[in-house]
Amino acid sequence: MKKTLLFTLFLAISLNAFAQVINQPAAWPNENWTLTGQFDANFLDENPTVSNGSSSFSFNDDAPGSASNNTIAAESPVINLTDAFNANETELTVSFTYVFNIFQGGQDLFLQYWNADSSTWENWEESLQDNSSAQNSFCSSSSGSFSSSLLDISGFTANQLQNFQYRIFYNDNLTWGWGFCVDSPTINSTSPPACPNVLNLSVSNVTANSAIVNWSPGTNETSWEVALRFPGEGTPSSGTSTSNLSFSFSNLSQETDYIAYVRANCLTDGFSSWETVNFTTGTDLSGYPVTFTPNPINAPETYDIALVDLNGDFLDDVVSVGRTDINVNYQLASGGFNQVNITTSFANHLPTWSLAAGDFDGNGYNDLLYGSGNGVTFMKANNDGTGYTEISGPEDVFSQRSNFIDINNDGHLDAFVCHDIEANVYYINDGSGNLTFYQGRSPGVVPNGLGLTPGGGNYGTVWIDYDNDRDMDLFIAKCRGGSTTISTNELWRNDGNGVFVNVADSNGWYDTNYPTDGHDNSSNLGDNVQTWSSAWADFDNDGDMDVYVGASSLANGDSKLMRNNGDGTFTDVTSGSGVLDAQLGIENAPVDFDNDGFVDILSNGDVLFNNGDFTFTNYPNNMPPTGAIGDVNNDGFLDVFRSGTLYVNNANSNNWVKINTVGTVSNINGIGARVELHTPSGIQIRDVRSGEGFEFMSSLNTHFGLGTETAIDNITIYWPSGIIDVITNPDINIAHTIVEGASLSIIDEELADVSIYPNPVDDVLMITTTAALVGRIATVFDINGKRVLNLKLNSDALDVSYLESGIYFLRLESNGKSIKRKFIKK
């Protein structure tokens, strides 16, 4: 049957065995049964508890009207289970046929049993599913079969056994429902089979046409049978054999109820009983670029805000954290998840404002950063990823967005945290996994600081290479009502020599207070819009990063879409772009949901789908909420995790590719690398980032949609170290793990005649060649191969005056091709 809800889930167990001690039909009408509850007796259509009554139990909840609130139950007499218990028949089931129509999801029909020890009625299982559209005369309508889950009485006390009862209980929950009819039930007792049932049966990755079931062995069996049925079809007699602990169902119908059956095959001990899990497939929203199906997942800790690999297999895991726990649903290569709870030492601070992930000690397992309202805590993974060490400093930091990034480009991940009320803070890695706290300007580390305005207002940071000079710059989305100084967004250009300059200083505050630093508004991004986050991507696929600045209120203006002009400046192209159709809010993140090769924007529960011409179409309904973004089923289509729910992308026919970056000279995650995808139709670019949007931590894997393209010319990676890898003709629809330095460099033949002088040099190195130099990337490495200077050339002169005396190598690079020359600094 079809549901208005996109997804429902409950567990049940069914039995196919012969009852021995108890095989007791209710034999309605039966005066030993009683009616209880508060209900309007005028609308009791069928009463099974009187001598001249009915063989059915039925109540019409619609007829009394909306003012009538009803609870009603048909209760069995006491059934003494002692003999069944002594005969080892410790599993009970109840079966009957029924009709049930729910109005707007408001009513419940339960099978319950009496717990004599606590003097309470307990639910045998979840409420029965509705199975009819009947609005009256329910007992005349077509009915469906119900067989309960097994009730295990092996742990019952003598009191519970001797005073057992069961009942059919209806509750309209103060709503105005339709009604039900239940035919005379039968209760059975059976002995547990010699072959134990499978354990932990669950369903995941439910879409409009597929689902995956997972389970654990009941004992040491190695074979199972799996079957799929519609409700009411009854228990299968056999199933499909499998030796895996998961099974994928495909070609399912949308919005349809299914029951998946799994039983163990213990060979000489026969089969176990069937375990079942019920699920409903999602809705196929034809005409949408892509659709999503909500799948609940157990993420029990308070801060369930991350979708990122924690065990080093490059599969995105579902992460929720608490004060003393990190709960991880590890994604399995075979599909589904394995949930593990890792107990940690007490976290002084929790990620009340943001969470970031990155491997700052380089041991192959990602560490976590918790940004709270009064401090920062790091959770450092041990050398096998099974435990974490808590590290908290004494500093009082009102955290907002947090990131991992190699700020000083020494090959080791540092951390950055927005401060809401003071200058931003950062933690510099000493190369051994130890982090040192800095705030504001720090001579010899970050001389100009990274966001200094009094009062803070620093909300959402993202590290990007906006000027294509092969180093990471910083954009700060700012928000503070009533202050244009504090609320003016900032763009900190990385000059490749350890110095950052704010090129969005529209109100002149930085230039006034630090006149020798070179701050200006040359980028044209110094806007006062109230914003908590921005989405950076190459929305028009022209080779540079554009930005959507999402407004959180209209106090200082609306959201803006800014096109990168390729020369370090941006132009407002908001008008007519469609981005203003998205709702206001605090979360904005770039993502190619439909894999068409053009980056979309997830904006506060709306999705702005990129039309490919720098305009967007907003889809406000049936889209995932803002959350952590990643690939939860490794199908190459990006999904969303939020508040205990996976919003699984139902996918389409578009092609894709994923890249997992592994640094060797650069940080091990490759955070800060620029990844270029070259195809016959053009180039796409991505920056590897830790921390986007405002709060959530998304996948560290790099994802590209390819649309209908079937081939890739090459993947080029510009690592933070300066190393360039070019992978030619890689396969599509697969994840590629690329290790830094794995490919040979490509010589730029255009620069074969390049020469440099004077050599040795004092201050300025001149470059001569017949090829054009402007726009090429000049990188200087020391004798140990460390990058010490990086910039985009605007002339044939290179200032090396601040370098220490020694031997250096100059590399000139463009489009992945390069050439090197050695020089000596006096």
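Is cysteine 418 buried or exposed, and what is its relative accessible area?

Tutor: Happy to. Cysteine 418 is buried, and its relative accessible area is 0%; buried here means under 20%, exposed means over 50%, and partly exposed lies in between (1.4 Å probe, protein chains only). A word on the model before we go on: it is predicted, local features need pLDDT of at least 70, side-chain atom pairs count only at pLDDT 80 or more, and totals for chains, interfaces and linings use all residues. Residues are numbered from 1 along each chain as its sequence is written, and side-chain values use heavy atoms, with hydrogens and water left out.

Other cysteines do pair up, and the structure holds two disulfides. In one, the sulfur atoms of cysteine 139 and cysteine 181 sit 2.0 Å apart, and the link is right-handed, with 100 degrees about the S-S bond. This pair joins distant parts of the chain, 42 residues apart: cysteine 139 is in the loop between β8 (120–123) and β9 (144–147), while cysteine 181 is in strand β12 (residues 179–183). Strands are DSSP runs of E, at least two residues, and helices are runs of H or I, at least four residues, numbered from the N terminus. Cysteine 139 is partly exposed at 31% relative accessibility, whereas cysteine 181 is buried at 2%.

The other disulfide joins cysteine 195 to cysteine 266, S to S 2.0 Å. Its S-S torsion is about 65 degrees, so this link is right-handed. Here 71 residues separate the partners, with cysteine 195 in the loop between β13 (186–190) and β14 (199–204) and cysteine 266 in the loop between β19 (257–264) and β20 (275–280). Cysteine 195 is buried at 0%, and cysteine 266 is buried at 15%. With the bonded cysteines numbered in sequence order, the pairing reads 1-2, 3-4.

Let's step back to the domains. An automatic or database assignment divides the chain into domain 1 (24–190), domain 2 (199–281), domain 3 (292–649) and domain 4 (755–825). The centres of domain 3 and domain 4, taken over C-alpha atoms, are 33 Å apart. Ten residues of domain 3 and eleven of domain 4 take part in their contact, meaning heavy atoms within 4.5 Å. Between them the two domains bury about 800 Å², 36% of it on carbon and sulfur atoms; buried area is the accessible area (1.4 Å probe) that two parts lose on being put together, summed over both. Asn409, Asp469 and Arg470 supply 50% of the area that domain 3 buries against domain 4, more than any other three residues. The count between these domains is one salt bridge, a side-chain nitrogen of Lys or Arg within 4 Å of a carboxyl oxygen of Asp or Glu. Elsewhere in your view, you can find the salt bridge in which the side chains of arginine 470 and glutamate 813 meet, at 3.2 Å, N to O.

Key: Disulfide = S-S within 2.5 Å.
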